[in-house]
Amino acid sequence: MKRRLMILCLMVSLIFGLMGQAVAAQAQFVTPILVVNTSFLNVRSADGPQYSTIATVVGGTELPVLGSNSSLSWYLVSTAFGPGWVDVSFTLPRGDFRNVPVVKPD
């Protein structure tokens with residue numbers, strides 16, 4: 001009986017250990033998002049307020065990040081209307097931004 005209990009505990013530990021490794025590996029590849037932190041936010045065609053608005057999103061919208069400008073002040077995000085640029089000062093970052101590529105606006 002004692003041996004069975006020890007084997008069972010070992011199996012449970014092994015299963016939870018493998019699950020933890022899988023979750024950690026998956027977390028490394030999650031796309032960072034920006035959460036809109038204002039009532040409305042304009043998504044623009046390039047990285048500046050002088051560029052045309054291609055969409056307006058509401059507060060709380062989660063926008064997957066595709067890239068950033070060189071100063072990290074504007075981020076290229078994915079929207080239902082296609083990719084566009086948002087001013088990071090109106091958002092809250094979620095996730096790991098270390099691997100976000102720097103891109104030049106067209």
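These are my notebook entries on one predicted model, taken feature by feature.

**Ground rules.** Residues are numbered from 1 along each chain as its sequence is written, and side-chain values use heavy atoms, with hydrogens and water left out.

**Overall layout.** I looked up the secondary structure and found one helix and seven strands in the protein chain, in the order α-β-β-β-β-β-β-β from the N terminus. Helices here are DSSP runs of H or I with at least four residues, strands are runs of E with at least two, and both are numbered from the N terminus. Of the 106 residues, 27% are buried, where buried means under 20% relative accessible area, exposed over 50% and partly exposed in between, with a 1.4 Å probe and protein chains only. For contacts (heavy atoms within 4.5 Å), I noted that 54% of those between residues at least 6 apart in sequence join residues at least 24 apart.

**Strand pairing.** I count two strands as paired if DSSP finds at least two bridges between them. E1 and E4 run antiparallel and are joined by three bridges, and in E4 the partner of Leu34 is Leu63. E4 and E5 are likewise antiparallel with three bridges, and Gly67 stands opposite Leu76 in E5.

**The E4–E5 turn.** The hairpin of E4 and E5 has five residues between its strands, and Leu72 in the turn has a positive phi of about 60°. I flagged this value because most residues other than glycine have a negative phi. Leu72 is partly exposed, at a relative accessible area of 45%.

**The core.** Which residues make up the largest nonpolar core? I listed twelve: Leu34, Val36, Leu41, Val43, Ala55, Val57, Leu63, Val65, Tyr75, Val77, Val86 and Val100. Such a core is a set of buried Ala, Val, Leu, Ile, Met, Phe, Trp, Tyr and Cys residues joined through side-chain atoms within 4.5 Å. Two or more of its residues come from each of E1, E2 (40–44), E3 (53–58), E4 (62–68) and E5.

Val36 lies in E1 (residues 33–36) and is buried at 5% relative accessible area; leaving out residues up to four places away in sequence, its contacts include Leu41, Val57, Leu63 and Phe90. Val36 and Ser89 are 53 residues apart in sequence, yet their C-alpha atoms are 9.5 Å apart.

**Aromatic pair.** I found one pair under the rule that ring centres of Phe, Tyr and Trp (its six-membered ring) lie within 6.5 Å. Tyr75 is buried, at 8%.

**Salt bridge.** My search of the whole structure gave one salt bridge, defined as a side-chain nitrogen of Lys or Arg within 4 Å of a carboxyl oxygen of Asp or Glu. Arg98 and Asp96 form it, at 2.7 Å from N to O. Arg98 is exposed at 71%, whereas Asp96 is partly exposed at 33%.

Technical notes:
This is a predicted model: local features need pLDDT of at least 70, side-chain atom pairs count only at pLDDT 80 or more; totals for chains, interfaces and linings use all residues. Rings of Phe, Tyr and Trp (its six-membered ring) pair if their centres lie within 6.5 Å; planes under 30 degrees apart count as stacked, over 60 as edge-to-face and the rest as tilted.
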